[in-house]
Amino acid sequence: MIDESAIRLRFEALCDVLDERGRRRFAAAEALAAGRGGVTAVMRATGIARSAIGRGLAELRAGEEFAVGRVRRPGGG
């Protein structure tokens, strides 16, 4: 069983200092650590959309890097 309250506690401790990309990657790392059902548990615990967690997972798997000071890809808003 996944402890959603622990995920929520960690997220609340960090959410004020994380930007959009940081929240995605935090959520993705938590989902990976939780294993099966992790995406759903993180979604419920944090309120982060499933699609955002999926993007975070893709970024982690690809080892995607961004320029310092940038949150979005060039041309991404």
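User: What does Phe 11 touch, not counting residues up to four places away in sequence?

Analyst: Phe 11 touches Arg 23, Phe 26, Thr 46 and Ile 48. Contact here means heavy atoms within 4.5 Å. This is a predicted model, in which local features need pLDDT of at least 70 and side-chain atom pairs count only at pLDDT 80 or more, while totals for chains, interfaces and linings use all residues. Residues are numbered from 1 along each chain as its sequence is written, and side-chain values use heavy atoms, with hydrogens and water left out.

User: How many helices and strands does the protein chain have, and what makes a run count as one?

Analyst: The protein chain has 4 helices and 0 strands. Both are DSSP runs, numbered from the N terminus: a helix is H or I over at least four residues, a strand is E over at least two. From the N terminus on, the order is α-α-α-α.

User: Where is Glu 4 found, and why does it count as buried or exposed?

Analyst: Glu 4 is found in helix α1, residues 4-14. Its relative accessibility is 18%. The cut-offs are under 20% for buried, over 50% for exposed, and partly exposed in between (1.4 Å probe, protein chains only). So Glu 4 counts as buried.

User: What makes a polar contact, and which side chain does the side chain of Glu 4 meet in one?

Analyst: A polar contact is a pair of N or O atoms within 3.5 Å. Within protein, one atom must be able to donate a hydrogen and the other to accept it, and residues adjacent in sequence count only if both atoms are side-chain atoms. The side chain of Glu 4 makes such a contact with the side chain of Arg 44, at 2.5 Å. Leaving aside neighbours within four places in sequence, Glu 4 is in contact with Ala 41, Arg 44 and Ala 45.

User: How do you know whether Glu 30 is buried or exposed?

Analyst: Glu 30 has a relative accessible area of 12%, so it is buried. It is found in helix α2, residues 20-34. Not counting residues up to four places away in sequence, Glu 30 touches Ile 7, Arg 10 and Val 42.

User: What makes a nonpolar core, and which residues make up the largest one?

Analyst: A nonpolar core is a set of buried Ala, Val, Leu, Ile, Met, Phe, Trp, Tyr and Cys residues joined through side-chain atoms within 4.5 Å. The largest has 12 residues in all, including Ile 7, Phe 11, Phe 26, Val 42, Ile 48 and Leu 57. Each of α1, α2, α3 (38-46) and α4 (50-62) supplies at least two. α2 gives the most, with 4 residues. In soluble globular proteins, nonpolar side chains tend to be buried together.

User: At what angle do α3 and α4 pack, and what is that angle called?

Analyst: α3 and α4 pack at about 125°, with their axes 10 Å apart. Angles under 35 degrees count as roughly parallel, over 145 as roughly antiparallel, 65 to 115 as roughly perpendicular and the rest as oblique. So α3 is oblique to α4. The axes are lines fitted to C-alpha atoms, for helices over the stretch in contact, and angles run from 0 to 180 degrees between N-to-C directions.

User: Which residues of α3 and α4 meet?

Analyst: Val 39, Thr 40, Val 42 and Met 43 in α3 meet Arg 50, Ile 53 and Leu 57 in α4.

User: How do α1 and α3 pack, and what is the pair called?

Analyst: α1 and α3 pack at about 55°, with their axes 9 Å apart. They are therefore oblique to each other. In α1, Glu 4, Ile 7, Arg 8 and Phe 11 meet Ala 41, Val 42, Arg 44, Ala 45 and Thr 46 in α3.
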